[in-house]
Amino acid sequence: MPEKSLLDVLRESVFKVKSVVVLNLLRSLIPPRSNEPQTSRTVLHRDGRRETFWNVLLFSMVLLWTFLGMCFPMFDTDFWFHLKTGEWILETGSIPAIDLYTFTDFDKPWIDLHWGFQVLITVLYRLGGVPLVTLVKSGVITTAVAVAWVAGGNTLPVWKKSALWILPIICICGRGNERPEMLSQLFLAAWLWIAASTDRRPGLIWYLPLVTLVWVNCHALFVLGLVVGFCYAADALIREMLNGRFGLEPRTSGPELRTVWIAGGLVALTCFINPYFEQGALFPLTLYRKFSVEKGFYSANIGEFRPPIDFVLKFGVGNIYVLAESGVWLLTAASFVALLSVRHRWSLFRLLLFTGFSHLAWQATRNTNIFALVSGFIACGNFGDCRGSSSGLSASKTDKRLVVRTKWMMALMAGLCVAVVTGWWNEIGEKNKPFGLGEAAHWFIHDAAKFAGHPGFPKRAFVAHIGQAEVYVYHNGPQRRVFMDARLEVCTRQTFEVYNAILMAMAAGDSSWQRVFSDGELPVVILDSRSNPSRAAFNGMLHIPAWRLVFADRTAAVFLPTGLADSLHLPTADPAPLMYPDGPPKKNLTATKPDVAAKLQEHEHEF
């Protein structure tokens, strides 16, 4: 008999994991057997089948709502550098080791752990463009929710579990972008499910190195798996030592401690199986420093690095996603109180998870989705442990009440689905996630980036904001480079500080910023139409005689040195389209042409 190849073994392993997940999912939806006498067994069997049908239907509605909530036009600018890098990897057959896209940090190492994700979206983009990428993103994150659902609280009625997951799903949808973190949510959910299932199936622990191997080659957040693993190992050790004391459940099942340590060691070693070896394994520490030690600088310049409290203080509590995140934290905290009050028990594993992921959520809003995913798992687990074994009612009455409540919850889920599709949900949210596919209208600077890549234009570009620099990179890199882009793993804080200083000088109409480029040619300047610093810089650039506006549309303005513009025979462009990126208000459609620079200054605070 021929030996099995490594590929065959991996395929069999993945198939086994999928089978176990599906079986656990079905088990969580099927009501437990009743202890009623044989005379009523037929009626109970029929009621049980009816309850199972409604449970499956409700669970499907929850997932449908999650999927639909992720289907909104793409507006994340990071997508374009990921796509460009994926194309570069497929074309060259290699993974980048040094920076490809900037002329300031071109000699800096680039630890691109996202390469697996980048290849994936490049293949998807070639097959179906942005719409297919968005659909796959929605499916992946919805699957992550399904796996986390199965992982915790399987003793809860499905209607209660659905109610507990509403707030976490709102948070997850609020940050459902086409980024590597979409895969991280799936891998994190897999870790949670395996950790919660090892009491019944100890052998599942050996799949963790396989999950880590894929994760470490897709996203730097693979470290979150290690966080879950640490919490699990600490819980196993302390429960074994205390043996049921201090309100902890005694450890009577699951893998032996020796097995836990061996599996943990294999997971740690697997982190080094990436193109950058120890640099890749330790790379999460670099990122963590940026939103912890250097938090003051980066949170002041990048919105997703700000803690949620900053948004509350600035915009109030009216934002539905901020409210949902607060509700998730309060609900999860209440689940610990409920478990301690009802059962006089508490879970060290869940408490450690809640503490760690609450810390991440408090540090930066970019961690909201992973916090919500973990909190949904924790809350369902705690409330599930609170559930008694008997309700005091006959089984038939209980089944009927459960079916009625399940139907009511289904009606709520159907209403939420309708709200997403009709656009009502977007209106009460941030108004940037209308239901649909493709790219957000007039959002990306495609035309400006293509225009700036014409022959004769400088091969260096200063693009603001840094996210839109990725669009320029996609159309023109790596042959043409930018001053700075959004890859904080490459661009240094010093580069960022100079970038901000240049924007401030531009806004003041001060041409001294050109001295930064005294070692070479002046760059083409591209300023987007939406961000405050870019709009201020646009106003200032209009008053610097040595520069000419040569292109303007609703997304961006392009400036060239006047001498170069003359040599390319480029006249001054009309800046009017920049005034209203989303189109002029109806009341102004017939108005006379205003002073555009004055209007931009007047409306600057709105963007």
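This is a predicted model: local features need pLDDT of at least 70, side-chain atom pairs count only at pLDDT 80 or more; totals for chains, interfaces and linings use all residues.
**Entry 1**

Residues are numbered from 1 along each chain as its sequence is written, and side-chain values use heavy atoms, with hydrogens and water left out.

I then looked up pLDDT, which is the predictor's confidence in each residue, from 0 to 100. The chain has a mean pLDDT of 84, and 85% of its residues reach 70 or more. Confidence is lowest in helix H23 (residues 596-603), with a mean of 43, and highest in helix H7 (residues 208-216), at 96. I marked residues 588-607 for caution, since the pLDDT there is below 50, although this stretch has 26 contacts in the model beyond near neighbours in sequence; contact means heavy atoms within 4.5 Å.

**Entry 1: the chain as a whole**

I recorded 23 helices and 5 strands in the chain. Of the 607 residues, 54% are buried, where buried means under 20% relative accessible area, exposed over 50%, and partly exposed in between (1.4 Å probe, protein chains only). Among contacts between residues at least 6 apart in sequence, 74% join residues at least 24 apart.

**Entry 2: the sheet**

In what order do the strands of the open sheet stand? I read the order as S2-S1-S3-S5-S4, with mixed pairing across 5 strands, and two strands count as paired if DSSP finds at least two bridges between them. Strand S2 (481-482) and strand S4 (547-552) are the edge strands, each pairing on one side only.

S1 and S2 pair in the parallel sense over 2 bridges, with Ala461 opposite Val482 in S2. Strand S1 (residues 460-464) also pairs with S3 in the parallel sense, over 4 bridges, and here Ala464 stands opposite Leu527 in S3. On to strand S5 (residues 556-561), S3 is joined by 4 bridges and the two run antiparallel, with Leu527 opposite Ala557 in S5.

Is strand S3 mostly covered or uncovered? I found that S3 (residues 524-528) is mostly covered, as 5 of its 5 residues are buried. In a regular strand the side chains alternate between the two faces of the sheet. In S3 both faces are covered, with Val524, Ile526 and Asp528 buried on one side and Val525 and Leu527 buried on the other.

**Entry 3: back to Ala452**

I returned to Ala452, which counts as buried because its relative accessible area is 0%. Leaving out residues up to four places away in sequence, Ala452 touches Phe457, Pro458, Tyr472, Arg480, Val524 and Ile526. The C-alpha atoms of Ala452 and Val524 are separated by 7.1 Å, although the two residues are 72 apart along the chain.

**Entry 4: backbone points to check**

Most residues other than glycine have a negative phi, and most peptide bonds are trans. I therefore listed the exceptions I looked up. The peptide bond from Ala464 to His465 is cis, with omega near 5 degrees, and His465 has its place in the loop between S1 and helix H19 (466-476). The bond from Gly477 to Pro478 is also cis, with omega near -5 degrees, and Pro478 is in the loop between H19 and S2.

Phe246 has a positive phi of about 60 degrees although it is not a glycine, and Phe246 counts as exposed because its relative accessibility is 61%.

**Entry 5: the largest cavity**

How many cavities of 30 Å³ or more does a search of the whole structure find? I noted 2, a cavity being a set of points on a 1 Å grid over the protein atoms alone where a 1.4 Å probe fits but cannot get out, with lining residues having an atom within 4 Å of a point. The largest cavity is lined by 15 residues, of which Gly69, Tyr321, Val420, Trp425 and Lys433 lie nearest its centre. Helix H2 (41-70), helix H5 (158-174) and helix H17 (424-428) are the elements that give two or more residues to this lining.

Key:
On a 1 Å grid over the protein atoms alone, a cavity is a set of points where a 1.4 Å probe fits but cannot get out, and a pocket is an open set with protein on both sides within 12 Å along at least five of seven lines; lining residues have an atom within 4 Å of a point. Grid points are joined across faces, edges and corners, and a volume is the space filled by probe spheres set on the points.
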